[in-house]
Amino acid sequence: MNYDFALVLLVLLALVVIGKPEVIRDDYLGLVMKFPLTSVHSEEELQAAQEVMDALLDPGKLSAGKELYLDALSDLVAAYEDEHYRILPASDAEMLRHLMESRGISQSELQRSTKIRKSTISEILSGKKSFSRQLIRTLADFFNVDKSILAHNL
């Protein structure tokens with residue numbers, strides 16, 4: 001997220017807060033005065049923002065003003081993390097292994113339940129083969145997950 005976008009976001013949030021009851025506005029603006037809502041540009045700023053977020057989450061129930069502030073700050077943190085800590089999607093082998101482990105089943109049990117050839121399951125788990133569209137449909141139905149979770153590598 002660039003600085004201009006963050007500034008526009010801050011102005012829009014401020015406009016939303018201005019129309020809110022005084023308590024919401026006071027909570028929100030008080031937090032902005034303590035820790036301004038600006039783009040995160042460094043690890044130090046990221047750490048400071050995370051500390052503010054942790055402090056807000058500790059006491060429990062948030063006021064509406066604090067919740068609005070936390071939403072805005074978490075968006076700024078997410079934008080920084082998306083740019084600097086990109087998480088690559090899991091491979092088909094990792095995904096299948098995770099699903100099997102979470103269900104507590106072996107390759108043989110998966111083969112019996114889905115009628116997928118055991119050699120195909122082995123090739124996927126070893127990284128030699130990727131999911132086909134048919135395999136995605138079969139596995140999504142069996143594991144009761146959305147097809148898009150398995151189709152990210154197509």
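How are helices α5 and α8 oriented relative to each other, roughly parallel or roughly perpendicular? The views below come from a predicted model, in which local features need pLDDT of at least 70 and side-chain atom pairs count only at pLDDT 80 or more, while totals for chains, interfaces and linings use all residues. Residues are numbered from 1 along each chain as its sequence is written, and side-chain values use heavy atoms, with hydrogens and water left out.

**View 1. Helix α5 packs with helix α8.** Helix α5 covers residues 92-103 and helix α8 covers residues 133-143, where helices are DSSP runs (H or I, at least four residues) numbered from the N terminus. The two pack at an angle of about 25°, and their axes are 11 Å apart. α5 and α8 are therefore roughly parallel to each other, a term used for angles under 35 degrees. The contact (heavy atoms within 4.5 Å) is made by Leu 96, Leu 99, Met 100 and Arg 103 of α5 together with Leu 139, Phe 142 and Phe 143 of α8.

**View 2. Tyr 28 and Tyr 69 form an aromatic pair.** Rings of Phe, Tyr and Trp (its six-membered ring) pair if their centres lie within 6.5 Å, and planes over 60 degrees apart count as edge-to-face; by this rule the count comes to 2 aromatic pairs. The pair of Tyr 28 and Tyr 69 is edge-to-face, with 6.3 Å centre to centre and 75° between the planes. Because Tyr 28 lies in helix α2 (residues 22-34) and Tyr 69 in helix α4 (residues 64-84), the pair ties together parts that are 41 residues apart in sequence. Both Tyr 28 and Tyr 69 are buried, which is to say under 20% relative accessible area, as found with a 1.4 Å probe and protein chains only.

**View 3. Phe 142 and Phe 143 form an aromatic pair.** This pair is also edge-to-face, with 4.9 Å centre to centre and 80° between the planes. Phe 143 counts as buried, at 7% relative accessibility.

**View 4. Lys 115 and Asn 144 each have a positive phi.** Phi of Lys 115 is near 65°, a positive value in a residue other than glycine, and Lys 115 is placed in the loop between α6 (107-114) and α7 (118-125). Lys 115 is exposed (over 50%), with a relative accessible area of 67%. Phi of Asn 144 is near 60°, and Asn 144 is found in the loop between α8 and α9 (147-150). Asn 144 is exposed as well, with a relative accessible area of 70%.

Conventions: Axes fitted to C-alpha atoms, helices over the stretch in contact; angles between N-to-C directions. Parallel < 35°, antiparallel > 145°, perpendicular 65-115°, else oblique. Phe/Tyr/Trp six-rings, centres within 6.5 Å; stacked < 30°, edge-to-face > 60°.
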